[in-house]
Amino acid sequence: RSTCAAASSTHPLLRRRGYSSESAPERKVAVLGAAGGIGQPLALLMKLNPLVSSLSLYDIAGTPGVAADVSHINTRSEVAGYMGEDQLGKALEGCDLVIIPAGVPRKPGMTRDDLFNINAGIVKSLAAAIAKYCPHALVNMISNPVNSTVPIAAEVFKKAGTYDEKKLFGVTMLDVVRAKTFYAGKAKVPVEGVNVPVVGGHAGITILPLFSQATPKANLSDEDIKALTKRTQDGGTEVVEAKAGKGSATLSMAYAGAIFADACLKGLNGVPDVIECSFVQSSITELPFFASKVRLGKNGVEEVLDLGPLSDYEKQGLESLMPELKSSIEKGIKFANQS
Ligand code: NAI
């Protein structure tokens, strides 16, 4: 048990709030796609999180090695690797939280929607397994296109009779992480204290950072705000191009995924005032799913917060993103209901 305390004190990013790891309840977390570019560093970061008691690493290949490697780290959680569909049930049984970075990433020149044909099928089958083996788990969807994969999972859960809109999250945290980093650089303020909500969806212009609500306040010009918005929207493409065919963001995504999962676990454990942005079922706009600030609690989404005051530039951005986001959501719903 002393190693738990050591872990939480040596990893300030994942340091607990409100209680020590000794009193944290048992929590089983699964990573589906755990041997991939995101999955491996995400498995590492979740192994460092003292809120996790059991870490389940699933992929269609490669998980025995990843699990053996990560399991040697002297932190709280027990680690198990599961490989291939016949082990998926075991991987999921008893899970409190399932994180899904399974599927193919973008190559230069591709949009997230170009991944639809492959990833939609993967997400559909993983969601069906979640409905069967851990219907009450929170689900953190990382697989792209998030704007469509979240509606797909929702439809699969509805058909299985297990859908709880409070428990399904599209992970848009990387957009927030990027917005904070770019804003801090431009505003010349320490990045640790920066907050920027990012709303809408998770692809191109559907990513809408609300720099008018960024804190600490800075006097940035309209040109600066435009450039920051564009860079946040194109952040993923910046990485895809720099990696030149070797995939998309994996390390920063693993960080963002780990921070979001940690927030979900804190919410489950009853820590008050945990608020992060996520793409969830929503009624704050006319679209059935939308990313905005969300209060996390013991049942998942406790409250979907509204957008707050928008600048004229952000109002325009909101208007332009609605048709694309609407069609991506509809595409997901249609796919899930085929055959
Ligand atoms: P990767 O190709 O390195 O890894 C994907 C892993 O998924 C592989 O290990 C593969 O074996 C596994 N996989 C494939 N089919 C599976 C199945 N049926 N069940 C379980 N695992 C399966 O890809 P990477 O870079 O890790 O990206 C994964 C996904 O995350 C992509 O869809 C990518 O677009 C998305 N992504 C999302 C971001 C976000 O902000 N939400 C940011 C960056 C990437």
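Predicted model: local features only at pLDDT ≥ 70, side-chain atom pairs only at ≥ 80, totals over all residues.

Trainee: Why is Ala 184 called partly exposed?

Mentor: Ala 184 has 19 other C-beta atoms within 10 Å. A residue is buried with 20 or more such atoms, exposed with 12 or fewer, and partly exposed in between, C-beta atoms being placed from the backbone. Ala 184 is therefore partly exposed.

Trainee: Where does Ala 184 lie, and which residues does Ala 184 touch?

Mentor: Ala 184 belongs to helix α7, residues 173-187; a helix is a DSSP run of H or I with at least four residues, numbered from the N terminus. Leaving aside residues up to four places away in sequence, its contacts are Val 189, Pro 190, Val 191 and Val 194. Contact means that C-beta atoms, placed from the backbone, lie within 7 Å.

Trainee: What makes a set of residues a nonpolar core?

Mentor: Its members are buried Ala, Val, Leu, Ile, Met, Phe, Trp, Tyr and Cys residues joined through C-beta atoms within 7 Å. The largest such core has 103 residues, and Val 98 and Ala 153 have the most contacts inside it. Helix α10 (residues 251-268) supplies the largest share of this core, 10 residues. Among the residues that Ala 153 touches are Val 123 and Leu 168.

Terms used
Residues numbered from 1 in each chain as written. Helix = DSSP H or I, 4+ residues; strand = E, 2+ residues; numbered from the N terminus. Contact = placed C-beta atoms within 7 Å.
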